[in-house]
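Subject: Handover of a structure, with findings

Dear colleague,

Please find the structure below, followed by an account of what was found in it.

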Amino acid sequence: MDIQTCPICSRPLGKENISKHHLIPKSAGGKDSEIILIHNICHQKIHSVFMLKELRDEFNTVGKLVEHEEIAKFIK
């Protein structure tokens, strides 16, 4: 059985406190964008760091999110 991990922090997801994150925010035109399952705390951190426009225009992939200095610091 594969253990699903959070694509942001790379820790096991488990069964609780999980969110669906649209890589392009729904309210910024990403209703049909890719959705990833992540921990609630990782989701909250993303939305505390970035404005919706930044998520839409610059930080719309997992790679770009985790490379950002503040998110990388949070992951550690």
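I begin with Asn17, which counts as exposed at 55% relative accessibility; here buried means under 20% relative accessible area, exposed over 50%, and partly exposed in between, with a 1.4 Å probe and protein chains only. Please note that this is a predicted model, in which local features need pLDDT of at least 70 and side-chain atom pairs count only at pLDDT 80 or more, while totals for chains, interfaces and linings use all residues. Residues are numbered from 1 along each chain as its sequence is written, and side-chain values use heavy atoms, with hydrogens and water left out.

Backbone

Asn17 is not a glycine, although its phi is positive, at about 55 degrees. Its place is in the segment before S1; helices (H or I, at least four residues) and strands (E, at least two) are DSSP runs, numbered from the N terminus. Ser10 also lies in the segment before S1. For Ser10, again not a glycine, phi is positive at about 65 degrees, and the residue is exposed, with a relative accessible area of 54%.

Ile8 is found in the segment before strand S1 (18-22). In contrast to the exposed Ser10, Ile8 is buried, its relative accessible area being 4%. Leaving aside residues up to four places away in sequence, Ile8 touches Ile36, Ile38, Cys42, Ile46, Val62, Leu65, Val66, Ile71 and Ile75, where contact means heavy atoms within 4.5 Å. Ile8 and Ala72 are separated by 64 residues in sequence, and their C-alpha atoms are 9.1 Å apart in space.

Cysteines

How many disulfides does a search of the whole structure find? The search returns zero, a disulfide being a pair of cysteine sulfur atoms within 2.5 Å. Cys9 is in no disulfide, and its nearest cysteine sulfur, that of Cys6, lies 3.8 Å away. Cys9 is buried, at a relative accessible area of 10%. Cys42, one of the residues that Ile8 touches, is likewise in no disulfide; for Cys42 the nearest cysteine sulfur is that of Cys6, at 3.9 Å. Cys42 counts as buried, with 3% relative accessibility.

Salt bridges

Three salt bridges are found in a search of the whole structure; the criterion is a side-chain nitrogen of Lys or Arg within 4 Å of a carboxyl oxygen of Asp or Glu. One of them joins Glu70 to Lys45, with the closest N and O atoms 3.4 Å apart. This pair links distant parts of the chain, since Glu70 belongs to helix H4 (residues 69-75) and Lys45 to helix H1 (residues 40-49), 25 residues apart. Glu70 is partly exposed, with a relative accessible area of 40%.

Lys53, Arg56 and Asp57 are linked in a network of salt bridges. Between Lys53 and Asp57 the closest N and O atoms are 2.9 Å apart. Both Lys53 and Asp57 lie in helix H2 (residues 52-57), four residues apart, about one turn of the helix. Asp57 also meets Arg56 in a salt bridge, at 2.7 Å from N to O. Asp57 is partly exposed at 39%, and Arg56 counts as partly exposed at 32%.

With kind regards
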